[in-house]
Amino acid sequence: MDNELPPYPPIDPTTFDLIVIGTGLPESILAAAASTASKSVLHLDPNPFYGSHFSSLSLIDFPSFLTSHSSPSPSSPPLSISHHDFAVYNFATRPLYSPFDISSFSPHLLHQHSRRFNIDVAGPRVFFCADKSIDLLLKSGASQYLEFKSIDATFLGDDKGNLWNVPDSRAAIFKDKSLGLMEKNQLMRFFKLVQGHLAGEQGVKISEEDLQSPFVDFLNKMGLLPKIKTFVLYAIAMVDYDQDDVGVCRDLLKTKDGIDQLAVYSASVGRFPNAPGALIYPVYGQGELSQAFCRRAAVKGSLYVLRMPVTALLVDKDNGCYKGVRLASGQDIFSKKLILDPSFMVPLPLGMSPSHPLQEKLPLFSFRDDRGKVARGICITKTSLKPDISNLLVVYPPRSLFPEQVTSIRLLQIGSNLAVCPPGMFVLYISALCNDDDQGKKLLHSVMNTLLTVPHSKNSESKAAFQSETAENGCAVQDEIAESSSAAESNPGEGKPTLIWSALYIQELTLGQVEFLCSTPMPDWKLNYNDLIDVTVKLFKEIYPDEEFFPETSSSKNCEDDGDIALEA
């Protein structure tokens, strides 16, 4: 009978203002904001780690997490039992990742160091030093739990494997040997115009008509050469779609928004003494962000319980209003509000009366406003893409790799100095928007084949094969891989870094929503967190319209300066 006892003692108290399920970044920010607003918060997660879809995991834990979210939960009766006060509806989970492909070409080496990796589930992602995510870290106080290091350089890539440096300041423009004198002068004049417009200088104001026009039209009007225009659009403004092809462009950037993007980029360059560029990255990986906000919430009184699955929703029998949740331990916990990880659904029970209030509420909640898909790839190598540079960003503009490429592809290389991998190794994150799995895999492979030597092997492991071998010894170890590994290392080919491990998968994109219940969004395709923060703030305002989102305090005002972001040299 002992094995039937719940793994945790009963939670006390049993009633809270807010229950949050999942410790992804939006959920963690909302928990911290609610606790700062003096709400009692219970924060639960079925995982033994923080971060959920925003976590940083070891090589062993990473495939296990994707597997758990790659197929629907086993079907069970939606309506389990009826209490005298409320009805109990079982939760279900929806798949948020496609079946993934993992290949390992040095299994013994990776198995030896598997716990020394911190692999971002939602990479690539960085912080711009002057964007709103940095402001939120400072305002909330979460910055005191984080350390950052600089991304050393940004490059534009092409189909021949060339990486062209992106100059991000006047000094960088003058030093750049890849730019001709005309290109340098043109880029300098353009930056001067933008800075003058932002500063309100006399005679350099961009007209309102130009500000409302497409940014690409404004750049053409300014007479920018194609190379300079590509720098500005895709490596500085970080535009996603081909701006010159209206037929495929789903997001045509306006000049006003483009100027705002350039302003953030310009303000980010050199903001922090130890970060000369515009971009920084958290030590130990992006998963540290969720932990920082959870720690902030705990300081404010939130109660945390990991390894605790939530099995069912409790609703009022008469009016269908939310009342609480049932834990895997069997305990019922009640709250006024509920926030759910995006993987949760509540199936509509069969045979429910057409007049029941949930007939309208549950379908609305379980339907997700999907925004498409994002292809993500993770590669591990033993050499850097650029000698003497550990941390770098590469952008492949639309059409730069093959004619059908209509979106930008971004690659972020992170080295061991950021504590995401053992010394002498590098982790590369690749991402691109896509319509389906085949298109997404093609985009990822195009970058990998351009930049890396990919060993030829029959050992591209399916999800099932990887799971089976992981269960046996913690990593996929096959003799064929070991043999191909030694062959690959003896023939690196063309000086490219040789791939020793990769994972390719397609992630669903979903919006957060406040309907019958509140659900948070999945990681988006952006390089930064700005849009995600906007959605999170909107959710908080809809849940607590009368509360301020992280109100100003004397301590937060004192810490909102550049020195409160910990940056290692």
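Which side chains does a polar contact of 2.9 Å join? Those of arginine 410 and aspartate 240, where a polar contact is a pair of N or O atoms within 3.5 Å; within protein, one must be able to donate a hydrogen and the other to accept it, and residues adjacent in sequence count only if both atoms are side-chain atoms. Here are my notes on the rest.

1. **What you are looking at.** This is a predicted model, in which local features need pLDDT of at least 70 and side-chain atom pairs count only at pLDDT 80 or more, while totals for chains, interfaces and linings use all residues. Residues are numbered from 1 along each chain as its sequence is written, and side-chain values use heavy atoms, with hydrogens and water left out.

2. **The overall picture.** The protein has 17 helices and 27 strands; these are DSSP runs numbered from the N terminus, helices being H or I with at least four residues and strands E with at least two. Of its 569 residues, 57% count as buried. Buried means under 20% relative accessible area, exposed means over 50%, and partly exposed is in between (1.4 Å probe, protein chains only). The protein exposes about 23,600 Å², and carbon and sulfur atoms supply 52% of that; accessible areas come from the Shrake-Rupley method with a 1.4 Å probe, and for residues only the protein chains shown count as cover.

3. **Links along the chain.** Take the contacts between residues at least 6 apart in sequence: 75% of them join residues at least 24 apart. Contact here means heavy atoms within 4.5 Å.

4. **Strand S1 and its partners.** Strand S1 (residues 15-21) is largely enclosed by the rest of the structure, because six of its seven residues are buried. S1 pairs in the parallel sense with strand S17 (residues 332-340) over six bridges, and with strand S2 (residues 41-45), also parallel, over four bridges. Two strands pair if DSSP finds at least two bridges between them. Isoleucine 21 stands opposite leucine 340 in S17, and its bridge partner in S2 is leucine 44. With helix H1 (residues 25-36), S1 and S2 make a right-handed β-α-β unit; right-handed means that, with the strands pointing away from the viewer, the path from the first strand over the helix to the second runs clockwise.

5. Valine 310 is found in strand S15 and counts as buried at 8% relative accessibility. Leaving aside neighbours within four places in sequence, valine 310 is in contact with residues including Ile21, Leu44 and Phe91. The C-alpha atoms of valine 310 and proline 46 are separated by 7.3 Å, although the two residues are 264 residues apart along the chain.

6. **Strand S11.** Five of the five residues in strand S11 (residues 153-157) are buried. In a regular strand the side chains alternate between the two faces of the sheet. Here Ala153, Phe155 and Gly157 point one way, Thr154 and Leu156 the other way, and all are buried. Four bridges join S11 to S20 in parallel, with threonine 154 opposite leucine 393. Three bridges join S11 to strand S12 (residues 163-165), and that pair runs antiparallel. S11 and S12 form a hairpin with five residues between them, and glycine 161 in the turn has a positive phi of about 90 degrees.

7. **Back to arginine 410.** Arginine 410 lies in strand S21 (residues 409-415). Is it buried or exposed? At 4% relative accessibility, arginine 410 counts as buried. Its side chain also reaches the backbone oxygen of methionine 238 at 2.9 Å. Not counting residues up to four places away in sequence, arginine 410 touches Pro124, Tyr429 and Trp525, among others.

8. Most residues other than glycine have a negative phi, and most peptide bonds are trans. The bond from aspartate 12 to proline 13 is cis, with omega near 10 degrees, and the bond from glycine 123 to proline 124 is cis with omega near 0 degrees. Arginine 307, which is not a glycine, has a positive phi of about 55 degrees. Arginine 399 has a positive phi near 70 degrees and lies in the loop between strand S20 (392-396) and S21.

9. **Cysteines.** The structure holds zero disulfides, a disulfide being a pair of cysteine sulfur atoms within 2.5 Å. Cysteine 421 is buried, with a relative accessible area of 6%, and cysteine 518 is buried at 3%.
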